[in-house]
Amino acid sequence: MKRKLLILIVLLLGSLSLQAQDTTRTAPVDSSLYGKSILSVLGSGVQVEQSAAVRQALENYTRANAEKPLSGYRIRVFYDNGPQARAKSESIELILKKQFPGTGVYRSFESPNYKVSIGDFRSKDEAQRIFNALKGAYPTAFIIKESINYPR
């Protein structure tokens with residue numbers, strides 16, 4: 001009798017712990033919409049009725065947050081301190097701007113190194129897609145975590 005009662009208690013405790021587990025999952029964030037009004041991407045067949053105050057509040061919020069740095073990822077394509085590093089970094093910057101228009105390309109100097117990075121990616125998966133396209137031409141490229149600009 002004690003054994004049956006003990007088994008029943010163990011089963012009840014086991015079922016309670018299963019119910020207590022959090023089964024919610026978060027969907028990946030599509031950062032291609034950051035900095036854009038959702039109303040601008042709805043399409044021509046959709047009509048939204050809202051007050052001008054709501055639309056203005058959304059625009060103000062987007063504009064205010066555009067200056068805040070975010071934690072994200074960039075791809076470091078070039079990092080060098082040689083005698084031709086400045087000229088090479090400028091050349092790579094121009095090539096990347098032509099190859100990936102609309103994607104931020106950043107050239108910086110941190111003594112004694114010149115650096116060229118590309119992207120304002122919210123997730124490592126987003127950076128990985130561009131990285132895969134770059135790794136043939138830039139075999140020393142790597143993904144870095146740093147502050148990024150608010151995606152536009």
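**Exercise 1. Is Asp120 buried or exposed, and which residue does the side chain of Asp120 meet in a salt bridge?**

Solution. Begin with accessibility: Asp120 has a relative accessibility of 18% and therefore counts as buried, where buried means under 20% relative accessible area, exposed over 50%, and partly exposed in between (1.4 Å probe, protein chains only). This is a predicted model, in which local features need pLDDT of at least 70 and side-chain atom pairs count only at pLDDT 80 or more, while totals for chains, interfaces and linings use all residues. Residues are numbered from 1 along each chain as its sequence is written, and side-chain values use heavy atoms, with hydrogens and water left out.

Next, look for the partner: the side chains of Asp120 and Arg74 meet in a salt bridge at 2.9 Å, N to O, the term being used for a side-chain nitrogen of Lys or Arg within 4 Å of a carboxyl oxygen of Asp or Glu. Arg74 lies in strand β1 (residues 70–80) and Asp120 in strand β3, so the pair ties together parts that are 46 residues apart in sequence. Helices (H or I, at least four residues) and strands (E, at least two) are DSSP runs, numbered from the N terminus. Arg74 is likewise buried, with a relative accessible area of 8%.

**Exercise 2. Which residues does the network that includes Glu93 join?**

Solution. Start inside helix α3, where Lys97 and Glu93 lie four residues apart, about one turn of the helix, and where their side chains meet in a salt bridge (3.4 Å, N to O). Glu93 counts as buried at 15% relative accessibility, whereas Lys97, at 43%, counts as partly exposed.

Then follow Glu93 to Arg107, with which Glu93 forms a salt bridge whose closest N and O atoms are 3.2 Å apart. Because Arg107 lies in strand β2 and Glu93 in helix α3, this pair ties together parts that are 14 residues apart in sequence. Finally, salt bridges that share partners join Arg86, Glu90, Glu93, Lys97 and Arg107 into one network.

**Exercise 3. Where in the protein chain is confidence lowest, and where is it highest?**

Solution. The chain averages 81, and 78% of the residues score at least 70. Confidence is lowest in α1, at a mean of 67, and highest in helix α3 (residues 85–99), at 94. Over residues 20–24 the pLDDT is below 50, and this stretch has zero contacts (heavy atoms within 4.5 Å) in the model beyond near neighbours in sequence. Where pLDDT is low, the predicted coordinates should not be read in detail.

Definitions and conventions
pLDDT is the predictor's confidence in each residue, from 0 to 100.
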